[in-house]
Amino acid sequence: MFDYKAPDNSLANRTIVVTGAGAGIGRAAAKNYAALGATVVLLGRTEEKLESIYDEIIDQGSPTPAIYPFDLSRAKEEDYTEMATILEAEFGKLDGLLHNASLLGERTPLSQYEARTWRHVMHVNVNAGFIMTQALLPLLEASEDASIIFTSSSVGTQGKAYWGAYSVSKFATEGMAQIFAAELENISNIRVNTINPGPTRTNMRAKAYPGEDPAINLAPEEIMPVYQYLMGPDSKGVTGQRFDAQALGGPQG
Ligand code: NDP
């Protein structure tokens, strides 16, 4: 497990967007960032889930979050421009962006993979992250210390049979993060990295491995150290890297 403990209030006065904040890893990250003092923008497609995490964040005594219902499958480019305008009016800047929402798609051989599903998965997992990052860059540039995290997977560096568009989308995510990191290094205060969460007890994992006992995997709350590290000031200057949430190591390697 990545070995890091965030100092109390290390995300105070920071505004952080978390996509897919209603469930699984995104939900844990949103709660975690709020507990460290951040104002979290809870972005997701199911409003009731966002409302319930909103309530949990208020109950834990953290800064009041914002709910941003948004369907990455349906959103048009102008919806991302509108998002940037609304966030700018409300917060003036953005200090963090966790791209967490993803679709699994089908677990089937490429020879039988449906083109429609392929397009859907690539759109949500890759195109949406690109368009959102581009739209929110001016707001991230307005921060003194901004962090963008993309979510990868072990199949984002090693192709595996039957992982189809999901695996290809994660390879693309790794590439996109490296390019953003290289282009923003030296000209901005924005760092860009990827996290591979590793096997984690969520709905997506259960869908990918229906026969597996969920208890053998870590809960989302248990893989948070690397999410804290990369979002907070201790990772300033760290960019263009890939982190495994469940690998041994820490900020010093
Ligand atoms: P879940 O399926 O549990 O959660 C995914 C979240 O993304 C949900 O909140 C979901 O919303 C949201 N989402 C999906 N589609 C859209 C959309 N079109 N618009 C807006 N939000 C959407 O997944 P995990 O928590 O397991 O996964 C989180 C990330 O971690 C993903 O990027 C995944 O690829 C990655 N990952 C996970 C692993 C694991 O073992 N769990 C392993 C490796 C990588 P809703 O709840 O409303 O459906």
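**View 1. Helix 5 of the predicted model and the residue that comes after it.** In this predicted model, helix 5 runs through residues 164–184, and its 21 residues reach 31 Å from the first C-alpha to the last, which is close to the 30 Å expected at 1.5 Å a residue. Helix 5 is followed by N186, a residue whose phi is positive, near 75°.

**View 2. The largest pocket and its lining.** The largest pocket holds about 1,100 Å³ of space. Its lining is made up of 47 residues, of which N100, S102, L103, T202 and M204 are the closest to the centre of the pocket. The elements that each give two or more residues to this lining are helix 1 (24–35), strand 2 (39–44), helix 2 (47–59), helix 4 (115–141), helix 5 and helix 6 (203–208), and helix 6 gives the most, with five residues.

View 3. An N or O atom in the side chain of T202 is 2.5 Å from an oxygen atom of the ligand. A nitrogen atom of the ligand is 3.0 Å from an N or O atom in the side chain of D71, while a polar side-chain atom of S73 lies 3.1 Å from a nitrogen atom of the ligand. On its own the ligand has 900 Å² of accessible area, and the protein covers 92% of that area.

Notes:
Residues numbered from 1 in each chain as written. Predicted model: local features only at pLDDT ≥ 70, side-chain atom pairs only at ≥ 80, totals over all residues. Heavy atoms only, no water. Helix = DSSP H or I, 4+ residues; strand = E, 2+ residues; numbered from the N terminus. Expected span 1.5 Å × (residues − 1). 1 Å grid on protein atoms, 1.4 Å probe; cavity = no way out; pocket = protein on both sides within 12 Å on 5 of 7 lines; lining within 4 Å. Points joined across faces, edges and corners; volume = space filled by probe spheres on them. Polar contact = N/O pair within 3.5 Å; in protein donor to acceptor, adjacent residues only side chain to side chain. Areas by Shrake-Rupley, 256 points an atom, 1.4 Å probe, with all protein chains shown as cover.
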